[in-house]
Amino acid sequence: MIRILTDSASDLTATDSARPSVYTVPLSVTFADGTGGLDGVELTADEFYAHLKVDKVPPRTSQPSPASFIELFEEAADAGDEVIVITVAQKLSGTYQCASLAAAETDAKVYIIDSETATQGEAIIAREAIRLREQGLSASRIAAELETFKKRVRVVAIVDSLKHLQKGGRLPAAVAIVGGALGIKPVLALSDGAIHLVDKGRGRPGALVAMYRQLDKQGGVDPAYGYTLLYSDDKQLTAPVHHYLHQNLHLTGGRVGQIGPTIGTHIGPGAVGVAFVIPE
C-alpha cells in the first residue's frame with residue numbers, strides 16, 4: 001500500500017483527508033499570549049482568525065518535529081507500506097527538511113516532494129497523488145510524476161495587506177511598502193516555491209480585475225483539473241470569483257477551501273484567491 005502524507009499547510013478538505021491512507025502532520029501556531037496549538041487539531045481556522053483580528057503582535061508558526069514524521073514512517077515500515085510525502089514549499093517552511101531528517105532515521109521507503117506551493121496549491125498536488133495511486137502507479141513513479149506536475153500548479157490571491165507577510169519575513173519590506181499604498185489591494189502569486197507581488201488594484205473591484213488578468217498571465221486554467229477557490233476568514237468573498245470563472249471562463253469542477261492557520265498567519269484576513277493547474 002502507498003501512504004500519502006502531507007502537512008497542515010495544505011489545508012486539505014475533510015473529503016480529501018477522509019480518503020484511505022491519507023495523513024496530515026500538523027504545524028503549530030502560537031499567539032503572543034501563549035495560546036494557539038496544532039493547526040487543525042487544537043486550533044480551527046475560525047478560532048485563529050478571530051484571535052488574529054484583535055492581536056497586535058503577529059503569531060508565530062512552528063514546523064513539525066522530525067519525531068512527528070518518524071512515528072508515521074515507522075508505522076508504514078512495520079506495515080510494509082511506502083510513503084509519499086508532500087510538504088509546503090521549502091522556501092516558506094522547514095517542514096521539508098524535518099521530513100528528510102526523519103526519513104533518514106527509519107527503514108521506511110519514503111519519497112519526499114517539495115510542493116513549491118502551499119494551501120490549496122499543495123492540496124491539488126496531494127489530490128493528484130491520490131489519483132495516480134488509484135490508477136495503480138508505483139510510489140516511485142508517482143513521485144516522479146508529481147515532480148513534473150507541481151511546476152504547473154499556481155495560486156493567485158488578493159490580500160488586504162502585505163503587513164503579515166512582511167512581519168513574518170516572507171516578503172521584503174520594500175515590496176510590502178509598494179503594495180501597501182492607500183486604497184491599493186495587492187495581488188500575489190505563489191509559484192516556484194516563492195511568493196511574488198504580481199499586480200495590484202485600487203480597492204477590491206480593481207484587485208479582482210487584476211487577479212483575473214493574472215489567471216491568463218500565469219498560463220491559463222486547465223479545465224481537466226478544475227479550480228479551487230480559497231479564502232481566509234470570509235467565504236462570501238469567493239462569490240464574484242466563482243461567477244467570473246463560471247460565466248466568463250466557462251469553468252466547472254470548482255472547489256472551495258479555507259486558508260488555515262499556518263498560511264493565514266502570513267496572509268491575514270480578507271484574502272481571496274484561486275488555486276489551479278496550467279495546461280501542459
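How many salt bridges does a search of the whole structure find? The search finds 13, where a salt bridge is a side-chain nitrogen of Lys or Arg within 4 Å of a carboxyl oxygen of Asp or Glu.

Two remarks on how to read this. This is a predicted model, so local features need pLDDT of at least 70 and side-chain atom pairs count only at pLDDT 80 or more, while totals for chains, interfaces and linings use all residues. Residues are numbered from 1 along each chain as its sequence is written, and side-chain values use heavy atoms, with hydrogens and water left out.

Start with Arg3 and Asp81, whose side chains meet in a salt bridge at 2.8 Å, N to O. This pair links distant parts of the chain, 78 residues apart: Arg3 sits in strand S1 (residues 2-7), and Asp81 in the loop between helix H3 (66-79) and strand S6 (82-87). Helices (H or I, at least four residues) and strands (E, at least two) are DSSP runs, numbered from the N terminus. Arg3 and Asp81 are both buried; buried means under 20% relative accessible area, exposed over 50%, and partly exposed in between, with a 1.4 Å probe and protein chains only.

Next, Arg152 and Asp222 form a salt bridge, also given as 2.8 Å, N to O. Arg152 is in the loop between helix H6 (139-149) and strand S8 (153-158), and Asp222 is in the loop between helix H9 (203-217) and strand S11 (227-231), so this pair too links distant parts of the chain, 70 residues apart. Both Arg152 and Asp222 are buried.

Arg213 belongs to helix H9 and Asp199 to strand S10 (residues 194-202), so the pair ties together parts 14 residues apart in sequence. Is Arg213 buried or partly exposed? Its relative accessible area is 39%, so Arg213 is partly exposed, whereas Asp199, at 15%, counts as buried.

There is also a network of salt bridges, linking Glu116, Glu147, Lys150 and Lys151.

Now the aromatic rings. A pair of aromatic rings is described by the distance of the centres and the angle of the planes. Rings of Phe, Tyr and Trp (its six-membered ring) pair if their centres lie within 6.5 Å; planes under 30 degrees apart count as stacked, over 60 as edge-to-face and the rest as tilted. By this rule there are five aromatic pairs.

Take Phe69 and Phe73: their ring centres are 5.9 Å apart and their planes are at 35°, so the pair is tilted. Why are they about one helical turn apart? Because they are four residues apart in helix H3. Phe69 has 1% relative accessibility and counts as buried, as does Phe73 at 0%.

Phe149 and Tyr225 have ring centres 5.2 Å apart and planes at 45°, so this pair is tilted. Phe149 lies in helix H6 and Tyr225 in the loop between H9 and S11, so parts 76 residues apart in sequence are tied together. Phe149 counts as buried at 4% relative accessibility, while Tyr225 is partly exposed at 26%. Separately, Phe31, Phe48 and Tyr49 form one aromatic cluster.

Last, the sheet. Three strands form an open antiparallel sheet in the order S4-S3-S5, where two strands pair if DSSP finds at least two bridges between them. Strands S4 (36-38) and S5 (60-62) are the edges, each pairing on one side only. Strand S3 (residues 28-30) pairs with S4 over three bridges, and Ser28 stands opposite Leu38 in S4.
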